[in-house]
Amino acid sequence: MFIIAVANRKGGSGKTTTSVNLAAQFASSGLSTLLIDLDTQGHASQGLGLAGQVFANNIHHIFENPSLNILNMVIETVHPRLSFIPADINFIEGSQTIDANILHQQLQQKACASQYDVVVIDTPPTLGTVLLNAVVCANGFIIPFIPHHLSYVGIQQFIQLIEQHHHNSSSDYLLLPMMIEKRTLHHLHTLRLLQQDYGHDCLLRGVRTNIKLAEAFEAGYPIQYCFPKSPGAYDYHMLSEEIKGRWQMGTGEMPSQPVANKKCELIVKPPMTTRKRGIRLKQYQPGSCVI
Ligand SMILES: Nc1ncnc2c1ncn2[C@@H]1O[C@H](COP(=O)(O)OP(=O)(O)OP(=O)(O)O)[C@@H](O)[C@H]1O
Ligand SMILES: [Mg+2]
């Protein structure tokens, strides 16, 4: 089981968009996937069509009562191999003392490790012990960021946080440029600075600006089911393949048939060709940003 924390203290950087769509991509490629929403905004529920539901069991309960078992909190989504643990939108951090190891201990139980190939954790932007729980338990970090100067500073701060609080020497982080615009010089400049500082291999190929990603959240489906031919679906497909390769996460059991989504009856289609609707994409190369 490989645990991925999608994290950045900068708000609105694409953490939830990435958590939901990446988890859905992993699941449709055959990996048994658990998505955990650690953010009390509860936005991941929206991306799975579960908005407005009250969840009797949610992940924040373990911070109030660590003897509870997270496996009893799991909801099976309509998407094959994709399980979900929702957040408590009423949880107020700071009203209690929270041990930073609680989530780590829960995820290390044998029953959990044998059930899931990958766990994706959507994290809150606020620095607190809930976020530290994700930092402590993750095997790898994906740090989504919009390529602006303040994000550059925020990434430096977040990597320091990982180094201070993460005790597992095998942890690894990858930087994910979000909403990239190849004509925006400041984006290119920021990406070059990050490449210089962290090395070419740290930078993932990225996700372009695509309003279909926001629309898919409104519809309550991961992008691959809602708009399978969109640039967003293509980018998340390629991203999931890149991450599986980087972290050697295996392929799981590949579905023999295309996966039909029960609710909207869309068929998961292969990703777009490299040229579609006049959008010119650079041929995919591992480790290269699409710009
Ligand atoms: N590639 C993209 N193209 C267009 N819009 C995007 C893209 N990625 C994210 N968005 C939009 O940007 C907004 C912020 O994204 P998201 O909620 O994923 O960020 P976040 O980091 O989880 O925010 P928070 O810190 O509040 O939890 C959302 O409205 C989302 O739909
Ligand atoms: Mg979020």
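Predicted model: local features only at pLDDT ≥ 70, side-chain atom pairs only at ≥ 80, totals over all residues.
**View 1. The whole protein, to get your bearings.** Start by finding the 11 helices and 10 strands. Of the 291 residues in the protein, 45% are buried. Among contacts between residues at least 6 apart in sequence, 78% join residues at least 24 apart.

**View 2. The shell around ligand 1.** Here 20 residues surround the ligand, and the closest are Gly 11, Lys 15, Thr 16, Thr 17 and Ala 214. Sorted by class, the shell has 10 polar, 8 nonpolar and 2 charged residues. Helix H1 (15-28), strand S7 (172-180) and helix H9 (211-219) each supply at least two residues. H9 gives the most, with 4 residues.

**View 3. The two sides of helix H9.** Look for Leu 213, Ala 216 and Phe 217, the buried residues of H9. Seen down the helix axis, they fall within an arc of 100°, so they line one face of H9. Their cover includes H1, helix H2 (43-47), helix H10 (223-226) and helix H11 (231-246). On the face turned away from the buried side of H9 sit the exposed residues Ile 211, Ala 214 and Glu 218. After H9 comes Gly 220, with a positive phi near 85°.

**View 4. Inside the largest nonpolar core.** In soluble globular proteins, nonpolar side chains tend to be buried together. The largest nonpolar core in this model has 77 residues, of which Ile 4, Val 119, Ile 121, Ala 134 and Ile 143 touch the most other members.

Conventions
Residues numbered from 1 in each chain as written. Chains lettered and ligands numbered in written order. Near = placed C-beta within 6 Å. Nonpolar A, V, L, I, M, F, W, Y, C, P; charged D, E, K, R; others polar. Buried ≥ 20, exposed ≤ 12 C-beta atoms within 10 Å, placed from the backbone. Contact = placed C-beta atoms within 7 Å. Core = buried A, V, L, I, M, F, W, Y, C linked by C-beta atoms within 7 Å. Arc of directions from axis to C-beta.
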